[in-house]
Amino acid sequence: MQTRKATSFSYLEQWRRWAPLAVLIALCILIGLFNPNFLSTGNFIRLLNSAAIPVVLCMGATFIILMGSIDLSVEGIVALTAVIVSLLVANDITTYKLGLFAVPVAMAIGGIMGLVNGVVHVKLKTPSFMTTLGIGFAGLGIATAILGGLTVRIADPTFRYLSLGRILGIPMAVWIALAAFLVALTIQQRTRIGAWIYAIGTDEVTARFAGIPVEKTRILVFALAGLFYGLGGVLAAAQFGQGHALIAQGRLFTTITAVVVGGTALSGGVGSVVNSIIGVFIVVVLANGMVLMGIEPYVQQGVQGLLIIAAVALALDRSRLSVVK
Amino acid sequence: MQSKTAARTHTQLNRRSMLKGLAGLSGAGLLGGTFPMPAIAQETTWTLANSMRSLANPYHATFAKGGEEFAKSIGAKYEMLVTEGNSEKGVSDIKALLQRTGGKLIVNVDPNDSPDARVIVEEVKKAGGFVVTQWNKPDDLHPWDFDPNYVAHMSFDGVPNAEAIANALFGAFGGEGGIVALGGILSNVPAIERKLGLDNAIAKTNGKVKLLDFQPADWNEQKAFDIMQAWITRFGDQIKGVFAANDGMGMGALEALRQNSLAGTVPVVGIDGIDAALTAVEAGEFAGTVAWDPMWTGAMGLAIPYAHVTGKIDITKEPKEHREFYGTGVIVTKDTVAAYKANPPKTDFNDLWGKATGQVQYRS
């Protein structure tokens, strides 16, 4: 998609593509040297487990960021769907017992919230930043109103199996995240929507001239992201065995950080869902590793901040930038 | 290509239908009761209000309910003010309500941040209303300096309660071994107090209990989950118990233990007494929790000033331990949880200081 300025740059560009992976591997080696337990199978499974929900959320957010938009409704949609799914399976507040059928319902609600994001953003021409912020708040507000500040406890072992169950020693949540990744990868590589997302993110005007249905694609991608957040909400509820309005606290920051650290540019058009997987692991490995190395809590925050800047600086293709804002 | 006018009608129609959709959404909020609702009967001319961070956590939801129950009992108009973690909003909502009620306002406020308390107290005094603060206020701001309008300040003492629950944890694993501890946001007064209580308890074991690691998880369940996972890798079976400065983080740690088949084997303690924690105590997964009584703080923060305005007491003549006081925390363990659940604390609106346990102390 991008034009090479000069051959001498192409070597650098090749390296840049692999920068996030190099950062991840360097981190793993460094932490492994400090604490060999880091490289144990047990810890590897724990890392996968911590990464499962962020991966699912990132699959949705990556497509939005690839279009050059942003989605701040992650926490609102995750909280709402987690609360709804908790109320639909066997629980201590309602009498519904939908079991696993509650999962598609919750995902559909996530999809509808995403659809609203897309429709408002495209039809009212409001910036995605404000639209998704507003819809996110609406989601949190509805979740709070439904439960009135209470917590709903899940009493359905089958539903909790989505997080606690294991196949080949690996938690179910990890398998579900893997499936979400494969779906996202297929959409990105094998569908027209995937190609259109890149076209819109690279240059929307050209994409329009090329006959790409920009509005429709945007709406569809926001709805798709909502589906992923809905799945994230389901996994969060299964993980904690409960639903409440604050269940998604802190998810937005992790999601956006992981996408960006993975090398997907906030300006759009550059990156992929594979990058986001690497980004999630950088964030998760770093958090795990700093506790393993016994780094002081307040130094941890500083290291995280520095790493984000370093990863973005390494991955950024400056030859394409005419303006930095 | 569509003509300009046609395109415009198209957008307007869509915008109108979108606004309808949005109205529907906010309507759903209204039905759920997020907005202040006036009480039915109205016998007193005073308006009562509770102000808190949000209704999305069990503590504040119950705090709001306590105020509502008291207002209902005297037939007063009641409002809930929510700051959403925004100090500006907290202060300006109270100012607006003072204006609307012409100063005939009794407000029970959990200030978003300590400095807000001073601004709120000054505004209330100027308007001739009455105020009680909860948890947060500057150390040098005292009710008796703003007689009679600044009626009282209420809090819970984190130090002895955290120490007691830490001891319950030590008892659960036999009093000897390593523990890990999750703290709140370290600049918060309750987080500092609870850490101090834990340190005191550890010091008194003469080295039998060792703190393997302390990490702030910022009151966040998810963060606690991830930190607990890393601890399992780092310390393995050296971990004999988990101390969490609130139940939410304790639940996060418990789920991480469950993922590693350690739930029930490694005891956890928390603080707050939320329902999920009480259930975990019953199941033998939590060794205990400290139950505050937000129903009581929510009601008494209104009942005490109301007793003053109706002439039942003269607040200016009350001793200092009735102006700045701690409430009672109840230590709930496996032995006491059944009794606690069967007989939850009751709030007697006429027993103004019955559950007060001493004057607020300043440790810094």
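Modeller: Here are some questions about this predicted model, each answered by setting a value against a rule.

Biologist: Let's start with one residue. Why does Val291(A) count as buried?

Modeller: The cut-off for buried is 20 or more other C-beta atoms within 10 Å. Val291(A) has 23 C-beta neighbours inside 10 Å, so it counts as buried. You'll find Val291(A) in helix H12 (residues 273-292) of chain A.

Biologist: Which residues is Val291(A) in contact with, leaving aside neighbours within four places in sequence?

Modeller: Gln215(B), Ile227(B), Ala230(B), Trp231(B) and Arg234(B). Contact here asks for C-beta atoms within 7 Å, and those five residues of chain B are in contact with Val291(A). By contrast, Leu182(A) sits 31 Å from Val291(A), C-alpha to C-alpha, and 109 residues away in sequence.

Biologist: How many residues take part where chain B meets chain A?

Modeller: On the chain B side there are 39, in contact with 40 residues of chain A. H7(B) gives the largest share of the chain B side, eleven residues. Helix H1 (4-32) and helix H8 (247-259) of chain B are among the elements that give two or more.

Biologist: And what kinds of residue make up that side of chain B?

Modeller: By class, 15 are nonpolar, 15 are polar and nine are charged.

Biologist: Now the sheets. What makes E4 and E5 of chain B a pair?

Modeller: Pairing takes at least two bridges. Strand E4 (residues 130-134) and strand E5 (residues 150-155) of chain B have four, in the parallel sense, so they meet the rule for a pair. One spot to look at is Val131(B), which stands opposite Tyr150(B).

Biologist: What is the order of the sheet they belong to, and which strands are its edges?

Modeller: It's an open sheet of six strands in chain B, ordered E2-E1-E3-E4-E5-E11, with parallel pairing. Strand E2 (77-82) and strand E11 (324-326) of chain B are called edge strands because each pairs on one side only. Helix H4 (residues 114-127) of chain B packs on this sheet, touching E3, E4 and E5, and its direction makes about 165° with that of E4(B).

Biologist: Last one. Why say that the largest nonpolar core lies between domain 1 and domain 2 of chain B?

Modeller: That core has 204 residues, and Val56(A), Leu235(A) and Ala253(B) have the most contacts inside it. Domain 1 (47-156 + 294-327) and domain 2 (158-291) of chain B both give residues to the core, so it lies between them. To see some of those contacts, look at Ala253(B): it touches Leu182(B), Phe225(B) and Val268(B), among others.

Terms used. Residues are numbered from 1 along each chain as its sequence is written. Chains are lettered from A and ligands numbered from 1 in the order in which they are written. This is a predicted model: local features need pLDDT of at least 70, side-chain atom pairs count only at pLDDT 80 or more; totals for chains, interfaces and linings use all residues. A nonpolar core is a set of buried Ala, Val, Leu, Ile, Met, Phe, Trp, Tyr and Cys residues joined through C-beta atoms within 7 Å. A residue is buried if 20 or more other C-beta atoms lie within 10 Å of its own, exposed if 12 or fewer, and partly exposed in between; C-beta atoms are placed from the backbone. Domain bounds come from an automatic or database domain assignment. Two residues are in contact if their C-beta atoms, placed from the backbone, lie within 7 Å. Ala, Val, Leu, Ile, Met, Phe, Trp, Tyr, Cys and Pro count as nonpolar, Asp, Glu, Lys and Arg as charged, and the others, Gly among them, as polar. Axes are lines fitted to C-alpha atoms, for helices over the stretch in contact, and angles run from 0 to 180 degrees between N-to-C directions.
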